[in-house]
Amino acid sequence: MTWPRVKMNELSTLITKGTTPTSIGYSFVDYGIPFVRVQNLIDGRVDVTKEPLFIDNATHSALERSQIQQGDLLVSIAGTIGRAAVVECDLPMNCNQAVAILRLNGKASQRYVLNWLKTSDAHRQMASRGVTGTITNLSLGQIKTMDIPLPPLSEQRRIAAILDEADGLRARRRASLAELDTLLQSTFLEMFGDPVTNPMGWEVVRGTEAFEDLTYGTSRKSINTPTGKALPVLRIPNVIGGQIDWEDLKFVELDGTEATKLQLQLDDILFVRSNGNPDHIGRCARFDGTRPSYYASYLIRGRVKLSIGLTSEFLKHHIEFPSYRHRVRREARTTAGNYNLSTAGIRKFEFIVPPLALQREFAAIVESVEAQKARMRAHLAELDALFASLQSRAFNGEL
């Protein structure tokens, strides 16, 4: 069945966006009004506990156009465009200029529109309208002209209920994966203590002692398909979740000394050294030796000095432990909107050195947990495929 397509401005009484307030803080007690940003739009809902910011009542009253109401749809329109959520609570909130507010007029169900905003159709329209400069932006005028298939309200609600149920299964699986990450952090804390305060009094070494080599990657232009002696070149997107992601690979062919110098070895640690988000600086992964590879210039390779008594698995979790993040950010420098971590900065890091036997015990626990995570990811991939199929059928009138 083919449904008529309707422009978003025909379904809305208001399409607006937030702004930058003059007064903002981190305390709910002192300020009181949650200030929503892109990172607060998570899995179709608004989570104001993630990196919370607040404004006071006077500022909220002054920013009348961006006052959020229960039932509003929020859509990210700068940087990461297309992330969306429905406001389910009646708590007073406001938002910044990277978030658009869509207030529907009753012709469309919020849950139906939210589910449509997750489709490839919606993202294709956003991508074609978005302006890419230093940052990708979607204007309010461009949102108003987006067109959406519109069945009767009863059908919208039926479709939304089916997709919400399927998406809920995916969200629960992602939550289970996150719980395993939390378990590893808790295990690390129990076995070694906080790496910053070092309550167990372990010996401490600096990065200059821990790494026998810290080297930037290649700046050679990569290719999409391997030819000749080309090997995978790992990039920032391949260092994610504390692991090497072998999807979306590029390739590069290096010769002689450069090839020898930049080919990764088992247990090398790869650091993200440059990013627009300071929370991503120093993100790292242990090279697992899955296949011979090089690494790109926005990464730093750290080769652990075996004689120092530290394992790569332990170091990776040490560096990514939540309380240690400020140590990493402290060594980052800002240039033209990007945060950069240098080899000199890594040499200033300080690491606790627990007994090797304890580190190896922790590594065995990590291996077991990672095996569970692999099984969960495989199941999540199946759920993703099912959800994509349901989406396609739903919005083509075939569900």
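Predicted model: local features only at pLDDT ≥ 70, side-chain atom pairs only at ≥ 80, totals over all residues.
## Cysteines

Let's start with the sulfurs. The disulfide count here is zero. Cysteine 89 takes part in no disulfide, and the nearest cysteine sulfur, 14 Å away, belongs to cysteine 95. A disulfide needs the two sulfur atoms within 2.5 Å, so at 14 Å from cysteine 89, its closest partner, the sulfur of cysteine 95 is too far away for a bond.

Cysteine 89 is partly exposed, at 38% relative accessible area. Cysteine 95, on the other hand, is buried, with a relative accessibility of 0%.

## Helix α5

Now for α5, which covers residues 153-192, 40 residues in total. How far does α5 reach from its first C-alpha to its last? The span comes out at 56 Å, close to the 58 Å expected at 1.5 Å a residue.

## The cavity

Searching the whole structure for cavities of 30 Å³ or more turns up one. The largest cavity holds about 30 Å³ of space.

Which residues line the largest cavity? Three methionines, Met8, Met126 and Met146, are part of the lining, along with Leu102, Leu117 and Leu138. Val75 and Ile143 complete the list. By residue class, the lining of the largest cavity has eight nonpolar residues, with no polar and no charged ones.

Note on methods
Residues numbered from 1 in each chain as written. Heavy atoms only, no water. Buried < 20%, exposed > 50% of the residue type's maximum accessible area, 1.4 Å probe, protein only. Helix = DSSP H or I, 4+ residues; strand = E, 2+ residues; numbered from the N terminus. Expected span 1.5 Å × (residues − 1). 1 Å grid on protein atoms, 1.4 Å probe; cavity = no way out; pocket = protein on both sides within 12 Å on 5 of 7 lines; lining within 4 Å. Points joined across faces, edges and corners; volume = space filled by probe spheres on them. Nonpolar A, V, L, I, M, F, W, Y, C, P; charged D, E, K, R; others polar.
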